[in-house]
Every structure is written in structure tokens, then in C-alpha cells.
Amino acid sequence: MSDPLPRRRGIIGCITGNVWYRTAMRPAVHLSLAFLTLGGFIAGVAFWGAFNTALEVANTEQFCIGCHEMRDNVYQELQGTIHWTNPAGVRATCPDCHVPHPWTLKIARKMAASKEIWGKLFGIIDTREKFLEVRPTLAAHEWARMEANRSAECRNCHKPESMNLEKQSEQAAAAHKAQLLTGEKTCIDCHKGIAHHLPTPPKSEQIEGFD
Amino acid sequence: MQTAAAEPRKWREVLMFAILSVMIWPFIATAFVGAYGLAFWIYFILNGPPGPR
């Protein structure tokens, strides 16, 4: 029988000559094709399930407020707003508004969260004072995101076409008719600071991107 | 030393199968998804947040 993996010299040879590498890269001798495909199939199903479960766990409010930065600041402010408690008993959790729902955008957001891990490790906003200092910047990021996607996360629940303008106040109905239903504006253009406090200009001059 | 055409032992083949299916491929798959997300994140940093949907 001829060797399916010719031996090489040098650094590559060190890897390809390794007995484990050679075992992995040549056709199986003792394991049948049926066993290998079944094993791959089962491992694939298990991986898919585990991956999605992990993704869902990382998309819960409990996960978000696992860091005191979130629990002590923005989470406290959410309580008492209409998105926390209301007559219908339907409420929004952190990821409902702050994590995009389409898969690709969600994964991109999860990777962007590596910056939040960085912030956690180095204590970027580990005190109330530090948080208030960067709050205008953080708010500006989120507003820019929602303005760009035309309040996509709001519209996961709130459908302009399902609004009963007659049940709204005269002022609200007029504003929605003139600006929302014409497509001129979306939720975030007017409804800033509805789930968290609005930023107050910090003592320092750090107000770039704040409009 | 192993000869050129020596067959791997059965235990080594089974163990390598286990390592590949529960560690190496899942790691590579996760890394691919991560790289995919990272690519979009970088794209959004350069070109602004994603548009209407």
C-alpha cells in the first residue's frame, strides 16, 4: 500500500510528520464511513443547539445586568418607564431594543460587544461619575444606530400601520400623521430618552457627536 | 519509528475522531462565525451603522 501522505522535511514536515496529524489527514482505517458521517451528524446537531443556546443566553436581560455598569445605571432608569410596566403587561428587555434581530446584524453586535468586555476589564465606566461623563457619547452611538436603521428595533413591536390615531392625543395623532406616516421621520427622531434618562452635558467638554 | 505506510492504531484513530468532532471543528465553526461578525462590525465602523430594514 502506498503512503497517502508523503513525508516532507523542514518545519512543515514537523507538522505533517506528526502522528496525530497523519491520523487526522489520512482515510480512516478502523472507522466506517457510516460511523464517521453519523458522528459528524450528531456532533453537528449538538453544536448547532449549543451555539444557539449560548447565543440566546447572551441575549437575556439577566445576562446584560450581570455587569454592575448596566445594573446600576441604565437598568435602574428603565424601571418606572412605560417599557418596564404598563397596563398591557408587555415589557421590553435590554436586547429587544439594543440587539438587532436579524442574524447577521446580531452576530455583528455580539462581536462589537468585545469592546464592552474591554471596557469592563479596564473599568471604563465602573463608577457613576465615569458613566455620566461618557453618557452623551454612548447615547449618540445608539441614536445614530437607530436613526440609520429607521428605528428598526422599535418597529419590531410598534407598527405605524397598526396605530389607531383616534385613540391618540390630538397632538400625537397630528405629529404621527404628518411625520411618521409620511415616512419623513421614525420613532427615535422624536422619542429620545423614553427608556433611560437623557444625557445631561458633562462637566468636561466631551460632547462630540451630541446633537 | 513508524514506517511510511503504517496504519494508525485504532485507539488513536477513535481519539482523533473525538477530538476533531467535539473540539477542533466546533472551534473552527465558532471562529468562522466570529470572523463573519467581526467583518460586519468593521464594515459598520467604516461606513456607518446599517441602514433601514
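This briefing describes the two chains of the model and the contact between them.

The model is predicted, so local features need pLDDT of at least 70 and side-chain atom pairs count only at pLDDT 80 or more, while totals for chains, interfaces and linings use all residues. Residues are numbered from 1 along each chain as its sequence is written, and chains are lettered from A and ligands numbered from 1 in the order in which they are written. Chain A has eleven helices and zero strands, and chain B has one helix and zero strands. Helices (H or I, at least four residues) and strands (E, at least two) are DSSP runs, numbered from the N terminus.

**Chain A**
- The mean pLDDT of chain A is 91, with 93% of the residues scoring at least 70; pLDDT is the predictor's confidence in each residue, from 0 to 100.
- Among the elements of chain A, α3(A) has the highest mean pLDDT (97) and helix α1 (residues 10–16) the lowest (85).
- The radius of gyration of chain A is 26 Å, well over the 17 Å that the globule rule gives for 211 residues, so chain A is more spread out than a compact globule. This radius is taken over C-alpha atoms, and the globule rule is 2.2 Å times the number of residues to the power 0.38.
- Along the principal axes, the C-alpha atoms of chain A fill a box of roughly 85 × 45 × 30 Å.
- Of the 211 residues in chain A, 11% are buried (20 or more other C-beta atoms within 10 Å of the residue's own, with C-beta atoms placed from the backbone).

**Chain B**
- For the 53 residues of chain B the globule rule gives 10 Å, whereas the radius of gyration is 21 Å, so this chain too is more spread out than a compact globule.
- The C-alpha trace of chain B spans about 60 × 20 × 15 Å along its principal axes.
- Buried residues make up 8% of chain B.

**Interface**
- In total, 31 residues of chain A are in contact with 30 residues of chain B (C-beta atoms, placed from the backbone, within 7 Å).
- The elements giving two or more residues to the chain A side are α2 (19–25), α3 (33–57), α7 (103–112) and α9 (128–148); the largest share, seven residues, comes from α7(A).
- The axes of α7(A) and helix α1 (residues 10–47) of chain B come within 7 Å and cross at roughly 85°; axes are lines fitted to C-alpha atoms, for helices over the stretch in contact, with angles from 0 to 180 degrees between N-to-C directions.
- The two helices are therefore roughly perpendicular (65 to 115 degrees).
- Residues making this contact include I107(A) and M111(A) of α7(A), and W41(B) and F44(B) of α1(B).

Notes: Contact = placed C-beta atoms within 7 Å. Buried ≥ 20, exposed ≤ 12 C-beta atoms within 10 Å, placed from the backbone. Parallel < 35°, antiparallel > 145°, perpendicular 65-115°, else oblique.
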